[in-house]
Amino acid sequence: MISVALPKGRLGEKVYSMFEAAGYECPSIKENSRKLIFENADVGIRYFWVKPSDVAIYVERGAADIGVVGKDILLEYSPNVYELLDLNLGKCRMAVAAPKDFYDDTQKTLRVATKFPNIASEYYKSICRDIDIIKLNGSIEIAPILKLSDVIVDIVETGTTLKENDLEVIKNIVPISARLIANKATFKFKTTEIEKIVDAIKAQVKYDD
Ligand code: PRP
């Protein structure tokens, strides 16, 4: 039996479809219920719906054998897991954004609002810029509008949230996409089963031209 932590939401549903097409179907998952765990013993698979930002925790601690998580979470928390495959789904980027009239006064410490303090710190360390991190949990875009911060470091997907709040990207830091990860210990003793899944999923990944 292989257990899979799927991120709740649209991305997770796409990922489940890939598992289904790979032969790991679990029809009960499509029933409209509040259940979070689904199993199909015939094909040896069990799925859990978890909060996207928690997938890596389940996998790192072995509560799930494999899972699907955004690269943003892997970069921010550095969980001790194997990253097996880029699914080329859930594509977005981590970027620095600021109000249109932003001017970077390098004499001053830059105030950076973000949900990703480690990614932001690493980036500014790499360019030797002194910053003050303001850790928020959401709606990051309002921080510079209310003068809580000078800039933000956040995920940009369509760019709509920035545009509607009169902000613009001033620097792209890193591209983000969904990754298939595995628990390190489980991978050692279920290598064949996990590699079989990885190959079947890989065959369905749509890469850019
Ligand atoms: C994410 C991100 C941006 C937005 C980017 O927020 O933090 O706010 O999506 O998407 P866009 O470029 O397509 O507009 P999320 O929806 O996770 O909500 P949050 O504000 O609670 O972080």
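These legends go with a few close-up views of a predicted model. Local features are taken only where pLDDT is at least 70 and side-chain atom pairs only at pLDDT 80 or more, while totals for chains, interfaces and linings use all residues. Numbering runs from 1 along each chain as its sequence is written, and side-chain values use heavy atoms, with hydrogens and water left out.

**View 1. Lys 71 pairs up with Glu 83 in a salt bridge.** The closest N and O atoms sit 2.9 Å apart; a salt bridge here is a side-chain nitrogen of Lys or Arg within 4 Å of a carboxyl oxygen of Asp or Glu. This pair links distant parts of the chain, with Lys 71 in helix 3 (residues 71–77) and Glu 83 in strand 5 (residues 81–86), 12 residues apart. Helices (H or I, at least four residues) and strands (E, at least two) are DSSP runs, numbered from the N terminus. Lys 71 is buried, with 18% relative accessible area, whereas Glu 83 is partly exposed at 37%. For these labels, buried means under 20% relative accessible area, exposed means over 50%, and partly exposed is in between (1.4 Å probe, protein chains only).

**View 2. Glu 83 also forms a salt bridge with Arg 179.** Here the closest N and O atoms are 2.7 Å apart. The partners are 96 residues apart, Glu 83 in strand 5 and Arg 179 in strand 11 (residues 178–183). With a relative accessibility of 12%, Arg 179 counts as buried.

**View 3. Arg 179 meets Asp 86 in a salt bridge too.** The N to O distance is 3.6 Å. Because Arg 179 lies in strand 11 and Asp 86 in strand 5, this pair ties together parts 93 residues apart in sequence. Asp 86 is partly exposed, at 28% relative accessibility. Through shared partners, salt bridges join Lys 71, Glu 83, Asp 86 and Arg 179 into one network. The salt bridge count comes to 10.

**View 4. Ile 142, Ile 145, Leu 146 and Leu 148 make a nonpolar patch on the surface.** Together they have about 370 Å² of accessible area, from the Shrake-Rupley method with a 1.4 Å probe, and for residues only the protein chains shown count as cover. Patches are made of residues with over 30% relative accessible area and no salt bridge, joining like charges within 9 Å and nonpolar side chains (Val, Leu, Ile, Met, Phe, Trp, Tyr) within 5 Å. Leu 146 sits in the loop between helix 5 (142–145) and strand 9 (151–156), and its 61% relative accessibility makes it exposed.
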